[in-house]
Amino acid sequence: MANYRIAPSILSANFAKLGEEITAVIASGADIIHFDVMDNHYVPNLTIGPLVCEAIRPLTKAIIDVHLMVEPVDRIVPDFAKAGANIISFHPEASRHIDRTIGLIKEQGCKAGLVFNPATPLHYLDHVLDKIDLVLIMSVNPGFGGQKFIPEALNKLRAVRARIDACGRDIMLEVDGGVKVDNIAEIARAGADAFVAGSAIFSAGKDSDPHRYDTVVGALRAELAKV
Ligand code: DX5
Ligand code: ZN
């Protein structure tokens, strides 16, 4: 079985109790904290920035995976690196100089990822696959949690999986949007090895006090064990 990673998107967490939510979700067996940064410019929503990343950093040793939905990209990269991000991903359309942005992220000591919207072609990988550490396939249009999985993302995942395997480097293939217990196995079969899930995870724990996510994280893992 592949080394599957579950990455709760804190976009769907209770922001009034963000620290507790992060501690609970990691204690429930999740692997990565997915940190969605939206700027009300590249995407029509506004979320959290480096100060929040810095505030949560001491709470966990887990990877903080910063998904930048911002334009421009470069100015904010060092701030997230200083705030303790481990991975910084960006949308290639949002950067004038993609190779330079990748270099900047790595110079700052972080792993670099490229994010593909549902209609963004994969040719952005052509000359940089040997430099990146993560490919993030969006299975919804970016900007909001709780949207429906777009099935075409499965074909895209298969195509990227083939390219990653052919290149032989250790590149994480993450999927983001509409991931649920009932589709995660099919998504894994298409080649993903990291699974962002926001609403599926955080809505499952909201009726327990304090919030616990063991059941839903366990259910996601049980589905992955069938792959
Ligand atoms: C959307 C974000 C996602 C989102 C996923 O722009 O990048 O990370 O929070 O939420 P769900 O899992 O609810 O689709
Ligand atoms: Zn995201």
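Guide: Rolling a probe the size of a water molecule over the atoms shows where empty space is left. Here, the largest cavity is the space taken by ligand 1; a cavity is a set of points, on a 1 Å grid over the protein atoms alone, where a 1.4 Å probe fits but cannot get out, and a molecule sits in one if more than half of its atoms lie within 2 Å of its grid points. This is a predicted model, in which local features need pLDDT of at least 70 and side-chain atom pairs count only at pLDDT 80 or more, while totals for chains, interfaces and linings use all residues. Residues are numbered from 1 along each chain as its sequence is written, chains are lettered from A and ligands numbered from 1 in the order in which they are written, and side-chain values use heavy atoms, without hydrogens and water.

Visitor: Which residues come nearest to ligand 1?

Guide: A residue is near a molecule if one of its heavy atoms lies within 4 Å of it. Of the 20 residues around ligand 1, the nearest are D36, G146, D176, G198 and S199. The shell divides into 8 nonpolar, 10 polar (Gly among them) and 2 charged (Asp, Glu, Lys or Arg) residues.

Visitor: What lies 2.7 Å from an oxygen atom of ligand 1?

Guide: A polar contact is a pair of N or O atoms within 3.5 Å. A polar side-chain atom of D36 lies at that distance of 2.7 Å, and a polar backbone atom of G178 is 2.8 Å from an oxygen atom of ligand 1.

Terms used. Polar contact = N/O pair within 3.5 Å; in protein donor to acceptor, adjacent residues only side chain to side chain. 1 Å grid on protein atoms, 1.4 Å probe; cavity = no way out; pocket = protein on both sides within 12 Å on 5 of 7 lines; lining within 4 Å.
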